[in-house]
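Thanks for coming, everyone. Please take a moment with the sequence and the model before I start.

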Amino acid sequence: MDKKKIVVAEGDGIGPEIMGSTLDILRAAEAPLDYDFITIGQAAYEKGITSGFPSDGWDVLRQSGVLLKAPVTTPQGKGFKSVNVTIRKSLNLFANVRPCKAYTPFVASMHPGMNLVIIRENEEDLYAGIEHRQTPEVTQVLKLITRPGCENIIRYAFAYARAYGRKKVTCMTKDNIMKLTDGLFHQVFDEIRAEYPEIETDHQIIDIGSARLATSPEWFDVIVTLNLYGDILSDITAQIAGSVGLAASANVGHNAAMFEAIHGSAPDIAGKDVANPSGLLIAATQMLVHLGMGELGEKIKNAWLCTIEDGIHTPDIYREGLSKQEVGTKQFTDAVIERLGRTPARLEAVRYANKQISVPPVSKIETKKDLVGIDVFICWDESDRDPDVIGEGLLDASTDKLKLKLITNRGVLVYPGGIPETFKTDHWRCRFRMTGESVTYEDVVELLSSINSAGFEVIKTENLYNFDGSAGYSMAQGE
Ligand code: NAD
């Protein structure tokens, strides 16, 4: 087999130790890999690179397309960006794949039967980092959900389930509240699941779904969800599986992928030869599968499973009665190497041949888009925040083409109608609807000018569009 070049980042804290262990095992297993090392994280931050990722690293990564990354230390304080988020977003690594399995009876777990995979959208949602303080009292963040983003991740989840013989895919959203954003994710899930009739599917609202996951994780198989929910869920599941030190994640895109342990750089135990290298080692087996070297990944993972069931454990998972020998990083590494070629007797052996997953690039959709009105956001803190005062002022400022329909405050209808008990902040969403059959952006500009002349401070606008005749905006309560 031709050698494949991969990029290696040794990271900070325990990073170099656990990477050393992982590379020793890869070499002992005769993985046909060449390694290109890059320095990211602390050393890059100290050189003033705020992203933690040096610019010449991109070329190296582009050529290889695969990064095996140890954890890095993110400096506290403003101005520094997370290397992980930078890499994920720059390389379009849309899928975060995190298997969570209990290794009972050898590693203590509250949920012995759990064996699930969380497939989390990795780039979108609230992580775009587009935040504004709009008024003295109000801040906002933009939650961006795209159709291509949903299609990529949901196709990936189904392709993964099919490749790994998983029986069920559960989609988790909060589309009872966020009907357009989470609703799009759920809608795309319903569209794509039809292509996988052999896979059972269900949808759960994220709150009750998380509660079920925390109490009965054995009910779940593959979970596909949006970025923030997945971020939280995957840490909870790794924790209840037994040890965060055992969990790995793959960050996969169409052209590149990054593999890492889920834990951080553990500076408290760095340099002490006690770190558990398992998370990064399991990430390396995910990498081998991705590279089409599934049988090699299988060999390493099975040797690791043998080590775990032989009770040879690092201090983080060592328990009297369950474990047999407490070892450091180096001894654990040697124990895995000794077991290469063996399959576990009690834990289930893995089979990784032909499990490479690819999803086709997303096609562009055609829609007819018509402007039908505008939401004008106004900062206003006068007249005891009486909605009738701002309402009447804006009715007067309406134009022939665009007329005030309603005002909400924090999403609650306050004009016309509303009740006095509703709390009102200094941030008013004022919805103007077209009066005729059509409206143009020039008409919007005329309206904004009129509102400004009437003495109201416009802080933001959102155009209201219909797409193929359907409203592309949420209805206000009471509308
Ligand atoms: P952490 O995961 O580094 O450590 C939490 C606890 O778990 C510590 O007690 C640590 O000793 C232990 N631990 C973690 N990994 C272990 C292992 N492999 N073996 C044995 N014990 C292990 O989390 P933290 O302390 O919150 O973060 C430390 C640094 O890591 C921070 O700078 C943080 O920003 C960074 N971090 C990086 C990544 C990443 O690069 N992917 C992820 C999370 C945190």
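Start at Leu-68. Skip its neighbours within four places in sequence, and Leu-68 is in contact (heavy atoms within 4.5 Å) with Ile-6, Val-7, Val-8, Ala-9, Met-19, Thr-22, Leu-23, Leu-26, Phe-259, Leu-280, Ala-284 and Met-287.

A word on the source. This is a predicted model, where local features need pLDDT of at least 70, side-chain atom pairs count only at pLDDT 80 or more, and totals for chains, interfaces and linings use all residues. Residues are numbered from 1 along each chain as its sequence is written, and side-chain values use heavy atoms, leaving out hydrogens and water.

Now the core. A nonpolar core is a set of buried Ala, Val, Leu, Ile, Met, Phe, Trp, Tyr and Cys residues joined through side-chain atoms within 4.5 Å. Buried means under 20% relative accessible area, with a 1.4 Å probe and protein chains only. The largest such core has 98 residues. Leu-26, Leu-33, Leu-68, Ile-154, Tyr-156 and Trp-304 touch the most other members. Apart from this core lies another, of 22 residues, including Trp-380 and Leu-394.

On to the ligand. How many residues surround the ligand? The count is 19, each with a heavy atom within 4 Å. The closest are Val-72, Gly-264, Ala-266, Asp-268 and Asn-276.

Next, polar contacts: here, pairs of N or O atoms within 3.5 Å. A ligand oxygen sits 2.7 Å from a polar backbone atom of Gly-264. A ligand nitrogen is 2.9 Å from a polar backbone atom of Asn-276. A ligand nitrogen is also 3.3 Å from an N or O atom in the Glu-260 side chain.

Methods. Buried < 20%, exposed > 50% of the residue type's maximum accessible area, 1.4 Å probe, protein only. Polar contact = N/O pair within 3.5 Å; in protein donor to acceptor, adjacent residues only side chain to side chain.
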